[in-house]
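Reader: Before we go through the contacts, please show me the model. I will then ask what each term rests on.

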There are 2 protein chains.
Amino acid sequence: MADPEIRLQEMLSKLKDRALRITPQRLAILRILALSAGHPSVEQIHEKVRVDFPTTSLATVYKNIALLKELGEALELGFTDGSNRYDGNRPYPHPHLVCLRCKEIIDPDLSSLADVTAELSQETGFLILSHRLDFFGICSACQSMEKQGEPAKKK
Amino acid sequence: MADPEIRLQEMLSKLKDRALRITPQRLAILRILALSAGHPSVEQIHEKVRVDFPTTSLATVYKNIALLKELGEALELGFTDGSNRYDGNRPYPHPHLVCLRCKEIIDPDLSSLADVTAELSQETGFLILSHRLDFFGICSACQSMEKQGEPAKKK
DNA sequence: TTTTCTGCAAATGCTTTGCATGGGA
DNA sequence: TCCCATGCAAAGCATTTGCAGAAAA
């Protein structure tokens, strides 16, 4: 994982380049996305921002996420069940491993990924530009907890 | 690709098992999904059904797709830009290769995929149950057409 | 002071649902 | 005949947009 503080500085410098303003709400959203603990949803970001700035609206969260996507500083993970989640820590395409039990999303290392894209290009003649790779399963913590019948707690 | 005729028969027998009815509209939707040429969207399915049954409503298309998903006979490919597409020919998780130019979606063979899931399990302790793998790029036909400035035509 | 940002509410766009009518089996 | 399926319209939901007032710079 990238250092959240460095990511925050990167985001801030992109904003300064474009002469965009650093409001308290915006800064709070940036901090949450720079960390991207567990890959938060819009609702989760909204709730966290509201702790410090209770008047923050959902629209503001959406607008800031849209801005960061446009700047290439946040990655959107769209799921069909209406639960989009975001990653501002590593805002470029990379594989995700989703626990179906506790909903945590982790970023695995995957050295064999290069072999896959090579095989695809060679086989199909495609010029591969991007990808979206999600694996679903049960994390080791939830496998151990299986007997207790509840998902593993987030740290 | 699975034989579309065999896929259609498989779908029909699932419906008969549950004593569900074979209406003309339903049969038309089944045929389109059994073939899944290019992985159609809801709108594309609707238009094709309307050729033979002009009164068919969007709601009917949605209801039948939901039924097939429930029966495990159709796979939904959700994209964030509000363009879900469906595969009833291979209704189980498998990699897709999406051309960003002509929007065609193809199903590549990918022998190196097994290595990837093995690496993931070993590295993270996850029990991998499913996946969603999409690669985005430009197909070879569209690469050739690039000078003409328009996407390759579907066959 | 200027211009962007916020926050509210209304508008979107896709999908689902309720219900009366139609039509398989 | 019995119910499931269709088709219409209304409802849902996440997200986007318009706009007036608030607040960065």
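**DNA strands and cavity**

Author: Among the atoms of DNA strand C within 4 Å of the protein, 67% are sugar or phosphate atoms, and the remainder are base atoms. This is a predicted model, in which local features need pLDDT of at least 70 and side-chain atom pairs pLDDT 80 or more, while totals for chains, interfaces and linings use all residues. Residues are numbered from 1 along each chain as its sequence is written, chains are lettered from A and ligands numbered from 1 in the order written, and side-chain values use heavy atoms, without hydrogens and water.

Reader: What makes a residue count as near a strand?

Author: One of its heavy atoms must lie within 4 Å of the strand. Around DNA strand C there are 19 residues, and R21(A), R26(A), K63(A), R21(B) and Y62(B) come nearest.

Reader: Why is the approach of T23(A) to DNA strand C called a polar contact?

Author: A polar contact is a pair of N or O atoms within 3.5 Å; within protein, one must be able to donate a hydrogen and the other to accept it, and residues adjacent in sequence count only if both atoms are side-chain atoms. A polar side-chain atom of T23(A) is 2.7 Å from a phosphate oxygen of DNA strand C, so the pair falls under the cut-off.

Reader: Which contacts of DNA strand D involve phosphate oxygens?

Author: Among them, an N or O atom in the side chain of R26(B) lies 2.6 Å from one, and a polar side-chain atom of T60(B) lies 3.2 Å from one.

Reader: Which helix gives the most to the surface near DNA strand D?

Author: Helix 4 of chain B, with four residues; a helix here is a DSSP run of H or I, at least four residues long, numbered from the N terminus.

Reader: What lines the largest cavity?

Author: The lining includes L113(A), F135(A), L110(B) and F135(B); lining residues have an atom within 4 Å of a point. By class, the lining has nine nonpolar, no polar and no charged residues.

How values were computed
Helix = DSSP H or I, 4+ residues; strand = E, 2+ residues; numbered from the N terminus. 1 Å grid on protein atoms, 1.4 Å probe; cavity = no way out; pocket = protein on both sides within 12 Å on 5 of 7 lines; lining within 4 Å. Nonpolar A, V, L, I, M, F, W, Y, C, P; charged D, E, K, R; others polar.
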